[in-house]
Amino acid sequence: MTLDHEAIWKAYPQAATIDDDTGAFDESGNKITLVQSDIDAARVTLNAEFNTTKYKTDRAEEYPSIGDQLDMLYWDKKNGTTTWDDAVEAVKDKSPKP
């Protein structure tokens with residue numbers, strides 16, 4: 001049996017250890033009775049929390065490097081262009097904030 005450790009930690013904050021074979025235990029070594037519906041509800045919450053911030057990591061991977069952005073800003077100022085604005089807007093459009 002493979003347990004969803006992250007959801008168990010969320011549903012049972014008193015859990016000190018989790019073992020796939022034996023279950024979850026508190027700091028005193030007492031076994032915690034795991035209720036699947038509680039674990040499932042915690043997984044739904046964790047997924048929702050993840051989805052509300054996923055756009056940040058998606059954007060971070062897509063943005064040009066800081067050096068490239070500074071170069072764009074320099075040349076935009078020099079040439080009266082909007083290269084940097086366009087690049088940032090494209091990333092924000094691709095990964096919108098929920």
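Predicted model: local features only at pLDDT ≥ 70, side-chain atom pairs only at ≥ 80, totals over all residues.
**Entry 1: helix 3 against helix 4**

I started with helix 3, residues 66-79, and helix 4, residues 83-94. I found their axes 7 Å apart, packed at an angle of about 140°. Angles over 145 degrees would count as roughly antiparallel, so I noted this pair as oblique.

Next I looked up who meets whom. From helix 3, the residues in contact are Gln 69, Met 72, Leu 73 and Asp 76. On the helix 4 side I listed Thr 83, Trp 84, Asp 85, Ala 87 and Val 88. Sorted by class, this contact has five nonpolar, two polar and two charged residues.

**Entry 2: helix 3 on its own**

I then checked the length of helix 3.

Which residues of helix 3 are buried? I noted Gln 69, Met 72 and Asp 76. Looking down the axis of helix 3, I saw these buried residues fall within an arc of 55°, so they line one face of the helix. What covers them includes helix 4. Gln 69, Met 72 and Asp 76 also turn up in the contact with helix 4 that I listed in Entry 1.

I turned to the other side of helix 3 as well, where Leu 70, Lys 77 and Lys 78 are exposed. Just past the end of helix 3, I noted that Gly 80 has a positive phi of about 70°.

**Entry 3: Ala 15**

I moved on to the loop between helix 1 (5-11) and strand 1 (17-19), where Ala 15 sits. Is Ala 15 buried or exposed? Its relative accessible area is 9%, and the cut-off for buried is under 20%, so I put Ala 15 down as buried.

Leaving out residues up to four places away in sequence, I found Ala 15 touching Trp 9, Phe 25 and Ile 32. I also checked Ala 15 against Asn 30: they are 15 residues apart in sequence, and their C-alpha atoms are 9.4 Å apart in space.

**Entry 4: Ser 95**

Last, I looked at the segment after helix 4, where I found Ser 95. Its relative accessibility is 8%, so I counted Ser 95 as buried too. What does Ser 95 touch, not counting residues up to four places away in sequence? I wrote down Tyr 55, Asp 58 and Arg 59.

Terms used:
Residues numbered from 1 in each chain as written. Heavy atoms only, no water. Axes fitted to C-alpha atoms, helices over the stretch in contact; angles between N-to-C directions. Helix = DSSP H or I, 4+ residues; strand = E, 2+ residues; numbered from the N terminus. Parallel < 35°, antiparallel > 145°, perpendicular 65-115°, else oblique. Contact = heavy atoms within 4.5 Å. Nonpolar A, V, L, I, M, F, W, Y, C, P; charged D, E, K, R; others polar. Buried < 20%, exposed > 50% of the residue type's maximum accessible area, 1.4 Å probe, protein only. Arc of directions from axis to C-beta.
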